[in-house]
Structures are given as C-alpha cells and as structure tokens.
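User: Please take me through this model in questions and answers, with the cut-offs stated where they matter.

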Amino acid sequence: MEDLTMFFTLDTTISIYVPSTVDVDKPCDNEEVVKTTLGKMSDWFGGATAMECFGGWRDRVSGQVITEKVTRVFAATSSDVAKTMFSKVVEYAQKIKDTMKQQAIMLEYNGQYTFI
C-alpha cells in the first residue's frame with residue numbers, strides 16, 4: 001500500500017458564482033473577473049478551479065426570469081483556513097456585485113448557499 005503520510009484532507013469547499021451580465025441582464029464578457037477571482041482564490045486557498053454553468057433567477061424588480069452563463073470559481077481548503085479567509089471572500093463577492101451592478105452574488109460554503 002502507498003504511504004499516505006504526504007496526503008492531507010481538504011474538508012471545505014468555497015465557491016463564488018461570477019455572472020456574465022452587468023446591470024442585471026445585459027450580457028458581458030466576464031473573463032477578466034473570472035481570472036481575477038481565480039487569482040484571489042488561489043492566493044487565499046492555494047488553488048482554484050473555474051467551471052461554466054447555466055442558470056436562471058427571477059428579477060425581483062421586473063419579475064422576469066433572467067437566464068445567463070455563470071462561472072463557478074471554487075477552492076478546496078481546510079476548515080481552519082476557510083474560517084480565516086471567509087471574510088475576504090465575502091468582501092470580494094460584494095466588490096463583484098457592486099462592479100457588475102448585480103442584485104446579488106451567490107456564494108457556496110460546503111454546500112450551503114447564500115446571496116451577497
């Protein structure tokens with residue numbers, strides 16, 4: 001059997017969902033935001049992965065269902081590091097929200113979702 005002493009467990013996953021629209025429903029190129037998010041998550045957690053998704057949500061102003069590509073940027077980490085860095089993740093998600101003029105940005109923490 002292989003010696004597992006060099007392996008360690010990353011028991012926490014944190015994700016930021018980067019939209020591909022600005023000002024609620026106007027399509028935009030989110031590549032730079034995704035790259036910046038990958039960089040920040042890599043700095044905070046040692047690495048990150050981006051995965052394209054497609055989703056929808058109901059606009060609370062117009063009542064319309066808005067559909068768009070979103071990019072899930074996620075990192076696996078230890079619970080200790082996650083607790084230490086989580087405020088930076090929230091602060092950065094707020095910056096994305098403000099910059100992209102979104103009603104909310106979704107965060108995921110170990111399968112629990114919240115909106116910033």
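Analyst: The buried residues of α1 are Val-34, Thr-37, Met-41, Trp-44 and Phe-45, where buried means under 20% relative accessible area, exposed over 50% and partly exposed in between, with a 1.4 Å probe and protein chains only. They cover an arc of only 95° around the axis, so they sit on the same side of α1, the arc being that of the directions from the helix axis to the C-beta atoms. This is a predicted model in which local features need pLDDT of at least 70 and side-chain atom pairs count only at pLDDT 80 or more, while totals for chains, interfaces and linings use all residues. Residues are numbered from 1 along each chain as its sequence is written, and side-chain values use heavy atoms, with hydrogens and water left out.

User: Against which elements do the buried residues of α1 pack?

Analyst: Helices (H or I, at least four residues) and strands (E, at least two) are DSSP runs numbered from the N terminus, and contact means heavy atoms within 4.5 Å. On that basis, the buried residues of α1 pack against β1 (12–19), β4 (49–58), β5 (65–77) and α2 (79–99).

User: What distance does α1 reach from its first C-alpha to its last?

Analyst: Helix α1 covers residues 31–45 and has 15 residues. The expected span of a helix is 1.5 Å times one less than its number of residues. The reach of α1 is close to that expectation of 21 Å, and its value is 21 Å.

User: At what angle do the axes of α1 and α2 cross?

Analyst: Axes are lines fitted to C-alpha atoms, for helices over the stretch in contact, and angles run from 0 to 180 degrees between N-to-C directions. The axes of α1 and α2 come within 10 Å, and they cross at roughly 165°.

User: Is α1 roughly parallel or roughly antiparallel to α2?

Analyst: Angles under 35 degrees count as roughly parallel, over 145 as roughly antiparallel, 65 to 115 as roughly perpendicular and the rest as oblique. The axes of α1 and α2 cross at roughly 165°. That makes α1, relative to α2, roughly antiparallel.

User: Which residues of α2 make the contact with α1?

Analyst: From α1, the contact is made by Val-33, Thr-36, Thr-37, Lys-40, Trp-44 and Phe-45. Their partners in α2 are Val-81, Ala-82, Met-85, Lys-88, Val-89, Tyr-92 and Ile-96.

**Loops and backbone**

User: What is the phi of Asp-23?

Analyst: Most residues other than glycine have a negative phi, and most peptide bonds are trans. Asp-23 lies in the loop between β2 (21–22) and β3 (26–27), and counts as partly exposed because its relative accessibility is 36%. Its phi is positive in a residue other than glycine, with a value near 50°.

User: What relative accessible area does Asn-110 have?

Analyst: Asn-110 is found in the loop between β6 (106–109) and β7 (112–115). Although Asn-110 is not a glycine, it has a positive phi of about 50°. Asn-110 is partly exposed, and its relative accessible area is 42%.

User: How far apart in space are Val-61 and Gln-103?

Analyst: Val-61 lies in the loop between β4 and β5 and is exposed, with a relative accessible area of 71%. Val-61 and Gln-103 are 42 residues apart in sequence, and their C-alpha to C-alpha distance is 9.7 Å.
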